[in-house]
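Please examine the sequence and the model shown below.

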Amino acid sequence: MKNIRDVLTKAKTIKKFTMAVAHAHDEDVLTAVNGAMEYGFLEPILFGDEKKIKEILTLKKYPLNKFTIINTNSAEESAKQAVRFAKEGKADVLMKGILETKTLLKEVVNRETGIREKELLSHASILSFPNIKKLLFITDGAMVLYPNVEQKIKLIENALELMRAIGYHNLIKVGLVSAIETENPKLVSSYEAVEVMKYFKENPLPNVVVEGPFAVDNLISEEAARKKGIKSAVAGDVDLLVFPNLDSGNVFYKTSVYLANADSAGLILGAKVPIVLTSRADHSVIKLYSIALAGVYQDGKVTTN
């Protein structure tokens, strides 16, 4: 895949999937959901204020009879019901609507009624830049605050599962981000990058190379890597950037979107179903791409299993 629209194109070829939307009474959310329906790959179930949902659908002139709406009286109820549908197999994908992330995640990780499958839930985004002829994957800019070495390994494993499921079968190049390219005992991101790299050298994965530390410029720009004399399979041609903490990943993501005109999509990984999680400030196109990514990912997981 070279552009985020390739994800949308692939979504049109998969089996139609069902998505539960928690607290769906938001114009951007419903615009994205309707767009996915028009492309033919989505059947939505909307949880939220039924009156407000219908008002938005009517205002946008979307066909009311094509939407399944389940009225709820609070964000907590929306989250609980949407997660229950995912747990019971009534929804293939879960989407965060106009509610706080912590409200939805509280239900996702509930020991008795939740849908967490892996030890670590993480977030991965894809970014499509006008001047780069490939997609960039990044983790984690939304979930794990300060991942330690073990958690960074799990971040990589979660993201690799996503990449494999959507069609990345050749060599995947993973770069561990820091501010420098050498190990420095005073810079946590640099020496933890070395530890993570050592782990994957001792426990190699097929068609995956993990290296670091790298400053971002040396991961993305062949010229920058060449000028610094860096010789690496990852330098200048990275596929997946692993950030040292949420701050750095989030700043990179939002700078990419708002200053570099990158298109994007984002998911929470590690649950029974993929969870579409974008910022409430993200416009409907980002939400549409994220829905498409979730469907392609889930379809790929089912196919490979």
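The structure is a predicted model, in which local features need pLDDT of at least 70 and side-chain atom pairs count only at pLDDT 80 or more, while totals for chains, interfaces and linings use all residues. Residues are numbered from 1 along each chain as its sequence is written, and side-chain values use heavy atoms, with hydrogens and water left out.

Helices (H or I, at least four residues) and strands (E, at least two) are DSSP runs, numbered from the N terminus. Two strands are said to pair if DSSP finds at least two bridges between them. Strands of a sheet pair through backbone hydrogen bonds, either parallel or antiparallel. In this model, 11 strands form an open sheet with mixed pairing, in the order β3-β2-β1-β4-β11-β10-β5-β6-β9-β7-β8.

How many of the residues of β5 are buried? Buried denotes under 20% relative accessible area, exposed over 50%, and partly exposed in between (1.4 Å probe, protein chains only). By this criterion, 7 of the 7 residues of β5 are buried. S122, A124, I126 and S128 point one way from the strand, whereas H123, S125 and L127 point the other way, and all are buried. Strand β10 (residues 263-269) runs antiparallel to β5 and is joined to it by 7 bridges; within this pairing, G266 of β10 is the bridge partner of S125. Strand β6 (residues 135-139) also pairs with β5 in the antiparallel sense, over 4 bridges, and I126 stands opposite F137 of β6. A hairpin is formed by β5 and β6, with 6 residues between them. The pairing of β6 with strand β9 (residues 240-242) is parallel and comprises 3 bridges, with L241 of β9 as the bridge partner of I138.

Helix α2 touches β1, β2 and β4 (contact means heavy atoms within 4.5 Å), and its direction makes about 155° with that of β2. Such angles run from 0 to 180 degrees between N-to-C directions, the axes being lines fitted to C-alpha atoms, for helices over the stretch in contact. Helix α10 (residues 246-259) lies across β5, β6 and β10 and runs at about 25° to β5.

The buried residues of α2 include V29, L30, A36 and M37. At the start of α2, a side-chain oxygen of D26 reaches to within 3.1 Å of the backbone nitrogen of D28. G40, whose phi is positive, near 95°, follows the helix.

In helix α3 (residues 50-59), the buried residues are I53, I56 and L57. These residues fall within an arc of 100° when seen down the axis, so they line one face of α3; the arc is that of the directions from the helix axis to the C-beta atoms. K51 and L59, on the other side of α3, are exposed. The buried residues of α3 pack against α2, β2 and β3. D49 caps the N-terminal end of α3, with a side-chain oxygen 3.1 Å from the backbone nitrogen of K51. Just after α3, K61 adopts a positive phi of about 60°.

Helix α4 (residues 75-87) buries A75, S78, A79, A82, V83, F85 and A86. They cover an arc of only 155° around the axis, which puts them on the same side of α4. Their packing partners are β1 (17-22), β2 (42-48), β3 (68-71), β4 (93-96) and α5 (101-108). G89 follows α4 and has a positive phi, near 80°.

Finally, the loop between α9 (222-227) and β9 contains D239. Is D239 buried or exposed? D239 is buried, with a relative accessible area of 9%. The side chain of D239 makes a polar contact with the side chain of K134 (2.8 Å). A polar contact is a pair of N or O atoms within 3.5 Å; within protein, one must be able to donate a hydrogen and the other to accept it, and residues adjacent in sequence count only if both atoms are side-chain atoms. The side chain of D239 also reaches the backbone nitrogen of K173 at 2.8 Å.
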